[in-house]
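Welcome, and thanks for taking a look. Please open the sequence and the 3D view side by side, and let the notes below guide you through the ligand site and then the sheet.

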Amino acid sequence: MPSGAARVAGVIGWPIGHSRSPRLHGTWLAWYGIDGAYVPLPTPPDRADEALRALPALGLVGANVTVPHKERAFRACDTLTDRARRVGAVNTLSITEMGGLHGDSTDGFGFLENLRHGAPGWDVTRGPAVVLGAGGAARAVCAALLEAGAPAVRVLNRTVARAETLVADLDEGGVMTVAPLADAAAALIDAALLVNTTSLGMVGQPSLVLDLAPLPPDALVNDLVYAPLETPLLAAARARGNGVVDGLGMLLHQGRPGFQAWFGVDPEVTPALRRAVLDD
Ligand code: ATR
């Protein structure tokens, strides 16, 4: 149980009832015997600015930010990491010694760490990456792929204009291209990585219709969707012999920088943690 001196963090979002972050950070706090707490902070959109300003006043050490407040939190920050500035959104806030808000975007870190742990030996630099989707998650994934040295990043989206905006914002080296989601075959043909960042394939959402036939057999396939854990995309990729990495690890790894900043430990992501978070 936290004492009166406990360090307190939380997650701001709306709705927040299905967030797995309290279970994630709560498990780590218990494992490491830290005098701390991590709580859901349900914050409707019209109170978000007020709530963000209140974090330092309430003495919190920081917070995660989730849908729909990531861009608003970005604008509320006094200081930002480079990766947050690139993505234009923050998911992790720390309170500075001066009582200011410092913003970070750790989704890209979580994405890369998930691949590093889920597919040891696989390397981002070894070939083109195909990213399905052009929303906030795609932005974090693309920024991380560029930073890690992917030789080409092909963004496929239903709404091509949205993918074009993403590329205009992120591409500095001329390595990104855009295509309609329906034209995946040409993009897949020499891909080393396929990532789904759309909501397609998630419980309650339409399924992702994609012919994997052109995808090289040694390409890695990753789905950010983790409900279900084995999406139809991952099942199809596995069946034809591709390496697959599910999306739960990205959620777990993206929490590490915040936990370290607030509680002083870089926490471990283990099979037991996966079970603890899934049991929720
Ligand atoms: P997130 O922040 O999780 O990325 P988002 O910004 O709402 O969420 O983006 C959702 C992504 O899923 C988008 O790429 C979206 O495509 P559009 O930009 O064309 O809207 C994609 N998506 C959602 N539903 C889809 C559907 N039924 N068919 C194709 N793409 C879909």
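How many residues surround the ligand, and which are the closest? Keep in mind that this is a predicted model. The ligand has 13 residues around it, and A134, N157, R158, T159 and R162 are the closest.

**The ligand and its surroundings**

- The largest pocket is the space that the ligand takes up.
- The shell around the ligand is made up of seven polar, four nonpolar and two charged residues.

**Polar atoms facing the ligand**

- For A134, a backbone N or O atom lies 2.9 Å from an oxygen atom of the ligand.
- A137 also brings its backbone to the ligand: one of its polar backbone atoms is 3.0 Å from a ligand oxygen atom.
- With N157 the side chain is involved, as a polar side-chain atom of this residue lies 2.7 Å from an oxygen atom of the ligand.
- The ligand taken alone exposes 640 Å², and the protein buries 68% of that.

**Strand 5 and its partners**

- On one side, strand 3 (residues 62–65) is joined to strand 5 by three bridges, and the two run antiparallel.
- Within that pair, N64 stands opposite T92 of strand 5.
- Strand 5 (residues 92–95) also pairs with strand 6 (residues 101–104), in the antiparallel sense and over four bridges.
- Here I95 is the residue that stands opposite L101 in strand 6.
- Strand 5 and strand 6 form a hairpin with five residues between the strands, and in this hairpin G99 takes a positive phi near 85°.

Methods: Residues are numbered from 1 along each chain as its sequence is written. This is a predicted model: local features need pLDDT of at least 70, side-chain atom pairs count only at pLDDT 80 or more; totals for chains, interfaces and linings use all residues. Side-chain values use heavy atoms; hydrogens and water are left out. A residue is near a molecule or strand if one of its heavy atoms lies within 4 Å of it. A polar contact is a pair of N or O atoms within 3.5 Å; within protein, one must be able to donate a hydrogen and the other to accept it, and residues adjacent in sequence count only if both atoms are side-chain atoms. Accessible areas come from the Shrake-Rupley method with a 1.4 Å probe; for residues, only the protein chains shown count as cover. On a 1 Å grid over the protein atoms alone, a cavity is a set of points where a 1.4 Å probe fits but cannot get out, and a pocket is an open set with protein on both sides within 12 Å along at least five of seven lines; lining residues have an atom within 4 Å of a point. A molecule sits in a cavity or pocket if more than half of its atoms lie within 2 Å of its grid points. Ala, Val, Leu, Ile, Met, Phe, Trp, Tyr, Cys and Pro count as nonpolar, Asp, Glu, Lys and Arg as charged, and the others, Gly among them, as polar. Two strands pair if DSSP finds at least two bridges between them.
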